[in-house]
Amino acid sequence: MKYKVDNGEYPTGEDAVDPKRVKYLKLISKLATFTCIAMYVSYIPQIIDNFTGNPVSPLQPLVAMINGILWTGYGWFKTYKDWPVIISNVPGVIFGFITVLTVYVH
């Protein structure tokens, strides 16, 4: 099966999508991607706490890492790659893993 990347083209003619809706969806996609990345980057203070001898619970970052793996896989294996989902969840995999790792290795 050949996978395609969503190139942002929407149906025209009878099946046309309202341009305002397209603009709105692209804006929401960018905002959601940004806030998801910000959520995962917020693990940096916990990583710092782990290195300073005040380890945090590994449960939440572990679950966030698993969640990031699942959503990244979902976005990657769709017929049309869902780049906002992929881009926004890869940091969850990385920062979740680093946070869990630094709980035990510091």
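**Exercise 1. How many residues does α1 have, and how far does α1 reach from its first C-alpha to its last?**

First, some ground rules: this is a predicted model, where local features need pLDDT of at least 70, side-chain atom pairs count only at pLDDT 80 or more, and totals for chains, interfaces and linings use all residues. Residues are numbered from 1 along each chain as its sequence is written, and side-chain values use heavy atoms, with hydrogens and water left out.

Step 1: find the helix. Helices are DSSP runs (H or I, at least four residues), numbered from the N terminus, and α1 covers residues 19-41.

Step 2: α1 has 23 residues and spans 33 Å, close to the 33 Å expected at 1.5 Å a residue. The expected span is 1.5 Å times one less than the number of residues.

**Exercise 2. Work out whether Thr-33 is buried or exposed, and what Thr-33 is in contact with.**

Step 1: Thr-33 sits in α1. Its relative accessibility is 14%, so Thr-33 counts as buried (buried is under 20% relative accessible area, exposed over 50%, partly exposed in between, with a 1.4 Å probe and protein chains only).

Step 2: skipping neighbours within four places in sequence, Thr-33 contacts Pro-84, Ile-87 and Ser-88 (contact means heavy atoms within 4.5 Å).

Step 3: Val-22, Cys-36 and Tyr-40 of α1 are buried too, and the buried residues of α1 pack against α3 and α4.

**Exercise 3. Describe how α4 packs with α1 and with α3.**

Step 1: two packed helices are described by the angle between their axes and the distance between the axes. Axes are lines fitted to C-alpha atoms, for helices over the stretch in contact, and angles run from 0 to 180 degrees between N-to-C directions.

Step 2: α1 and α4 pack at about 0 degrees, axes 8 Å apart, and are therefore roughly parallel (angles under 35 degrees; over 145 is roughly antiparallel). Their contact residues split into eight nonpolar, five polar and no charged. Here Ala, Val, Leu, Ile, Met, Phe, Trp, Tyr, Cys and Pro count as nonpolar, Asp, Glu, Lys and Arg as charged, and the others, Gly among them, as polar.

Step 3: the axes of α3 (residues 59-77) and α4 (residues 83-104) come within 7 Å and cross at roughly 150 degrees, which means α3 is roughly antiparallel to α4.

**Exercise 4. Which residues does Asn-50 touch?**

Step 1: Asn-50 lies in α2 (residues 44-51) and is buried, at 0% relative accessible area.

Step 2: not counting residues up to four places away in sequence, Asn-50 touches Pro-55, Val-56, Thr-99, Thr-102, Val-103 and His-106.

Key:
Helices (H or I, at least four residues) and strands (E, at least two) are DSSP runs, numbered from the N terminus. Angles under 35 degrees count as roughly parallel, over 145 as roughly antiparallel, 65 to 115 as roughly perpendicular and the rest as oblique.
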